[in-house]
Amino acid sequence: MAELLLITPPFTQLNTPYPATAYLKGYFNTLDIEIDQQDLGIEVIVALFSKKGLSQLFDVAAGFENPSENASRILNLRNAYLLTIEPVISFLQGKNTSLARQICTDPFLPQASRFDQLEEMDWAFGHMGVQDKAKHLATLYLEDLSDLIIECVDPHFGFSRYAERLGRSANSFDELHAQLQFAPSFIDEITLRLLDERMKKINPSVVGFSVPFPGNLYSAFRCAQFLKENYPATKIVMGGGFPNTELRDLKDPRVFSYFDFITLDDGERPMQLLLEHIRDGKKQPTLKRTFCLQDGEVTYINNATDPDVKQSAVGTPDYQGLPLDDYISVIEVANPMHSLWTDGRWNKLTMAHGCYWGKCTFCDISLDYIKIYEPIAAKKLVDRMEQLIEQTGFSGFHFVDEAAPPALMKELALEILRRELSVTWWTNIRFEKSFSLDLCLLLKASGCIAVSGGLEVASDRLLKLIDKGVTVAQVAQVTDHFTQAGIMVHAYLMYGYPTQTIQETIDSLEMVRQLFEQGTIQSGFWHQFAMTAHSPVGLNPEAFGVIPQQNEISFANNDVAFVDEAGIDHSIFSYGLKKSLYNYMHGVGFEWPVHEWFEEKMPPTSIDSDFIENAINQHEDLKIKPDAQVIWLGGSCHLGPSKKGKVKIEVHSITETINIKMLEPEGQWFLKQVENLRIDQPSIKMRMLKESFEEACGDFEPFWFSKPINQLRSIGLIVI
């Protein structure tokens, strides 16, 4: 029996496990401590969207008085939903792929209001294969059922999705506590039944809930309440992203009628010490970053001298115990980059703890998860990748960094290529000028398919105020490099930053329009600025021209309501920004003046219509860098026939044979060098290459900037 059961409460992602419990299990494996883990979110979804679960759902929904026309239609289609639900879920789990053609053929899926958008999306399906189109239709089918649940059964239900902002922090525990006094909802009953089954099976002495988001909080408390009533000897712990950011000022003792302990920040050492304390039962515990109740008072204990576990020692995430075959892939939007978050199975890893930049004024840079930067060696990372491939059978990786460091990404790519691993991966970055076209080509060769990064406000004045360390022109150049390399780009976009004017918001949209029109970004998402308590803006609001509207804090404290001294209601931009972006992501609407996307009268943009194009076309520095590494990623090279002092170099790529003409001595020299430039050979620096060429052939610079080398640069010769 496991000593510790780690649980992710409903709901996070549908397509892949949220990694926190797997990370902790990986660490406890290194200590030979047996733990179990449970993703209640996916278990509830699978139980709910089964023939039995859906039948029970319809029975409950049928008792709802005065349903809307849409809900009535779904209720009347009960038999059609019961007939199709299990085949559809099986298809979305990747177990029944042949169903795709049937899903795409009318009539098969029952249709309610979510399918009304199909007419305006028919043009988008031209870019989607049959499998993706079927996933999108099946997603609409599930969203129709979700609408029924929200209206007639449980208004709190919802699949994980983006939100404009999370809303104000629950500064008081009163509302959540009051909600928990009501009888469990239909969804709660499924959740608690599954929890009870697992508890009876493994009988853990400690249950830990990882609560990453506010959307997991209620279920965590509901489950803890059930455990207190039915398993009173079990100790109950909460950790994860929500307490790390929101519960640092916790004062309400009622919270500890549900949980015995709440830990903050990295969980490995706090949970290790907590388990030791629970085993020993000492009255004076030695704990790390842990809240508990002592003599009726909320007490924060951080008296342990043990340091946090180094990233090199945390072990490999372990997904054992999670139902990997049950996760479902959905496609909400017909956009290949956007679908990465909801489609496909991804092993999750971290290249570096924290953020190497750590300056953005909207970010929680005062908290350990951002400010403590600790990268992991590339060889260790690839060791973990190989272990996860063997463990899960999946070779897709999502590196969940705050911002992956370019230098480490380069070393990771080189190590993947040296080991000849066939993997697919993506991550979050800053749009650093370090991302040259050649570096992007190297990342692509190693399996990188996509990056996401913050363009934020797309205004140089505001980017400087944010201390982002980039300019709009730089972002344009870097995103162009990724796109040229075949790597998709998603941009996080922000509006409503303190002091942002109406003109700057319109100009920001124009920058985004041009980036999409030039094809340098393929996906994006707008969110309205939220002031957090632990960011530089939240810690020093007067310096940014905002007035916080703070309540007394006894429970959660993260999002802080505020008044911008500029006096602009930024919510008026929400619909226009999102509508325009939706069109841009599907390649249309570029000719529409940006100020006309809004219902209110707005000024036209002041940005030149060719700003992004000019930024992209700025010539790069052509200086030879002596210590840069030269690598040949291309195919095999052979010497062809010579004629009039020139030779033909045949380069065999995976798609074609390219013939490149060189002067005979230069061609002979290149063929001798090319095998030494491969990944598996010792590193060759540019100065070494220059010395070798000049010894054999003469002046290096005219040769390096010649047409033959430019051709080779386009098919696999890179300098990083």
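A residue counts as buried when its relative accessible area is under 20%, as exposed when it is over 50%, and as partly exposed in between. In this predicted model, Trp341 and Trp426 are both buried.

These two tryptophans also form an edge-to-face aromatic pair. Trp341 sits in the loop between β7 (297-301) and β8 (347-349), while Trp426 belongs to strand β12 (residues 424-429), so their pairing ties together parts that are 85 residues apart in sequence. Another pair, Trp592 with Trp597, is tilted. Here is how the two pairs look in numbers:

| Pair | Centre to centre | Angle between planes |
|---|---|---|
| Trp341 and Trp426 | 5.2 Å | 85° |
| Trp592 and Trp597 | 6.2 Å | 55° |

The whole structure holds 35 aromatic pairs. Ring pairs also join Phe173, Phe209, Phe221, Tyr258, Phe259 and Phe555 into a cluster.

Charged residues meet a ring as well: Lys359 lies over the face of Trp357, at 4.3 Å from the ring centre, and Arg430 lies over the face of Trp357 at 4.0 Å.

Glu229 is exposed, because its relative accessible area of 59% is over 50%.

Finally, a word on confidence: the mean pLDDT is 92, and 97% of the residues reach 70 or more. Over residues 161-168, however, the pLDDT is below 50.

Terms used: Residues numbered from 1 in each chain as written. Predicted model: local features only at pLDDT ≥ 70, side-chain atom pairs only at ≥ 80, totals over all residues. Heavy atoms only, no water. Buried < 20%, exposed > 50% of the residue type's maximum accessible area, 1.4 Å probe, protein only. pLDDT = per-residue confidence, 0-100. Contact = heavy atoms within 4.5 Å. Phe/Tyr/Trp six-rings, centres within 6.5 Å; stacked < 30°, edge-to-face > 60°. Helix = DSSP H or I, 4+ residues; strand = E, 2+ residues; numbered from the N terminus. Lys NZ or Arg CZ within 6 Å of the ring centre and 35° of its normal.
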